[in-house]
Amino acid sequence: MAVIEIQGLCKSYRVYQKREGLLASIAGLFRRRYRTIEAVRGIDLAVERGEFVAFLGPNGAGKTTTLKLLSGVINPSGGTARVLGHIPWKRENTYRRRFALVMGQKNQLWWDLPAAESFRLHQQIYRIEPEQFERTRDDLTGMLSVGHLLSQPVRELSLGERMKMELIAALLHSPEVLFLDEPTIGLDVVAQYNVQAFLRHYQEARRITILLTSHYMKDVAALCRRVVIISLGRIIYDGSLSGIIDRFGGQKVISLQMSNGQASAADLARYGEILQADPPRVKLRVERSIVPQVLSNILAAHTVEDVSVEDPPLEQVIAEVFSWKGEGGGRMMNDK
Amino acid sequence: MLARATTWLTILRISIEERLVYRGDFALGTLMRFLPIVTQIFLWGAVFEAIRASGSGADSVAGYSYHDFIAYYLLTMIGRAFSSMPGLASGIARDIRSGTVKKYLIQPIDMLGFLLLYRTAHKLVYYLVAAIPFALVFWLCQRFFPGWPDAITVAAFLASLVMSFLLGFFLEATIGMIGFWFLEISSLMFVYMLFSFFFSGHMFPLDMLPGVWGPLVRVLPFQYLAYFPAAVFLQKITGPELAWGLAVELGWVVLFILAARATFRLGVRQYSGFGG
């Protein structure tokens, strides 16, 4: 049985529309105009135990709304969802003790107190046995190398350290399902890498189910085999990360290092689009299907010292998927 | 049951620790509370001086002598120390607007219970710190009091204070949770503060009110926030009237507990998770 089962899930909001200007503001006192925003429009999804799924989409696509629905923060307008057999928006304590939600932009720890105090409170709220609590806390602080910061007020921690403490607080009760909403937002590369490495290690060791939203493709590439892309409230892709690159990364980048004096960038333009010309190095963008042909033509006509063929950056591929409206009016595609 | 009690104690302990972080602000806030009483002593001193100078021979206003007034204001200060909830309603509304309220929906914890313990911790720390200046002020002003009332009156006074704390908490929490619908409640809070200031007896003893105003304020819950405990201590309300007053106060407390619970349940249903 799937850990997360979603069928036809919908959520619409009514949003007040205010026109510009003082007169419009006064008119708004008497008559308000509202617009209905359909944030989530009939999502179907099943996630098995132990999966690490990336939930991607442009801003306003409905990712966070879906996470809020699954964690019971908001009620849906239609459809059903079950997580670990519970209906999230019933907000039963038995469900709340089995999952956690971490939001990169929100702080759950007590700002003026050391994280150790917030952890102690979580122990009580989640009714964690003292031995288990101490073991889990020590394991997690050890893995994230923040043991020495436990007695420092949270407000005096760096953003990266705070995020690590937030993760520990969320994992103290050993949740079976973890929702991560942009956990690496605003972190520097080192902190991002540390959080990624921790999440990968933790998920592999515990086999918990994780749903992650992130705008950092490095997070996704490092952590998730399965990717679900949501756009305008609908799922437009559900499959592997490599499947996206095969499907949408229609072009490859050929990097060449020419022998001195061999072929100018202009000479090479006939093989593909010049992305970068920094003689003797040149980068070309070429359709994936003709890469072997182009390579053999270049090697036959020029002296090349070094060559490499790469997929386009993941960000670029994802941006293409985001702008894709779907086949047959947004039909979900699935390469599984 | 034991687990729940331990959770409550932990929340209380951590809230107390948090409250003790900002020592300077806390000490200043505590001392500032005594400023209004000083102005009241001078104001009523001047009023009675003027009455005496006019040669009318009256030594009281609406049944209150100069000493009665000062004793009354000192006692309402104690009442307010229990029933006032600075930042409670606005804090709840802010949490709703910013989305911080999510944590109460995600974690296995009751928001109202948590906030009540948090507020209790604040009050306990406040009483602990303010006990010495309060004792000093009352000792300096002891000549204004007729003397210690009997044990039953003191017990009734303490009960009315505890209930005024609960009434103040659930009343303001209910107002704060209106933020689930309106997001911005500062105007509503202003109106509430205004009503509370007049009708709680904070400004003047409510039994001074003429005409229909007296019976009117008696059917409102505000009098229990300041007037009622002071009147109990001064033995202006005694016997069956006292028992009835305490019963009505308890009724208001229960009513606002139910109102706060209902507002929370309906508000969460309406809540759409603002703030990302």
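This is a predicted model: local features need pLDDT of at least 70, side-chain atom pairs count only at pLDDT 80 or more; totals for chains, interfaces and linings use all residues.

1. Chain A has 336 residues, of which 39% are buried. Its secondary structure amounts to 12 helices and 14 strands. Along the principal axes, the C-alpha atoms of chain A occupy a box of roughly 75 × 55 × 50 Å. When contacts in chain A between residues at least 6 apart in sequence are considered, 73% of them link residues at least 24 apart.

2. An open sheet in chain A is built from four strands, ordered β11-β12-β10-β13, with antiparallel pairing. The edge positions are taken by β11 (273–278) and β13 (304–310) of chain A; each has a single partner strand, so one side of each lacks a neighbour in the sheet. On average, and with direction ignored, neighbouring strands of this sheet are turned by 15° against each other.

3. Within that sheet, β11(A) and β12 (residues 281–287) of chain A run antiparallel and are joined by five bridges. Gln276(A) has Lys283(A), in β12(A), opposite to it. Helix α11 (residues 291–301) of chain A lies across β10 (251–258), β12 and β13 of chain A, and runs at about 15° to β10(A).

4. The largest nonpolar core comprises 137 residues, and Val227(A) and Leu167(B) have the most contacts inside it. The greatest contribution to this core comes from helix α8 (residues 151–177) of chain B, which supplies 12 residues. Another core, of nine residues, lies apart from it; Met258(A), Tyr271(A), Val282(A) and Leu284(A) are among its members.

5. Which residues is Leu167(B) in contact with, leaving aside its neighbours within four places in sequence? They are Ser83(B), Pro221(B), Tyr224(B), Leu225(B), Glu249(B), Trp252(B), Val253(B) and Phe256(B).

6. Helix α13 (residues 239–270) of chain B has 32 residues, which at 1.5 Å a residue should span 46 Å; the end C-alpha atoms are 46 Å apart, so the two values agree. Its buried residues are Leu242(B), Gly245(B), Glu249(B), Trp252(B), Val253(B), Phe256(B), Ala260(B), Thr263(B), Phe264(B) and Val268(B).

How values were computed
Residues are numbered from 1 along each chain as its sequence is written. Chains are lettered from A and ligands numbered from 1 in the order in which they are written. A nonpolar core is a set of buried Ala, Val, Leu, Ile, Met, Phe, Trp, Tyr and Cys residues joined through C-beta atoms within 7 Å. A residue is buried if 20 or more other C-beta atoms lie within 10 Å of its own, exposed if 12 or fewer, and partly exposed in between; C-beta atoms are placed from the backbone. Helices (H or I, at least four residues) and strands (E, at least two) are DSSP runs, numbered from the N terminus. Two residues are in contact if their C-beta atoms, placed from the backbone, lie within 7 Å. Two strands pair if DSSP finds at least two bridges between them. Axes are lines fitted to C-alpha atoms, for helices over the stretch in contact, and angles run from 0 to 180 degrees between N-to-C directions. The expected span of a helix is 1.5 Å times one less than its number of residues.
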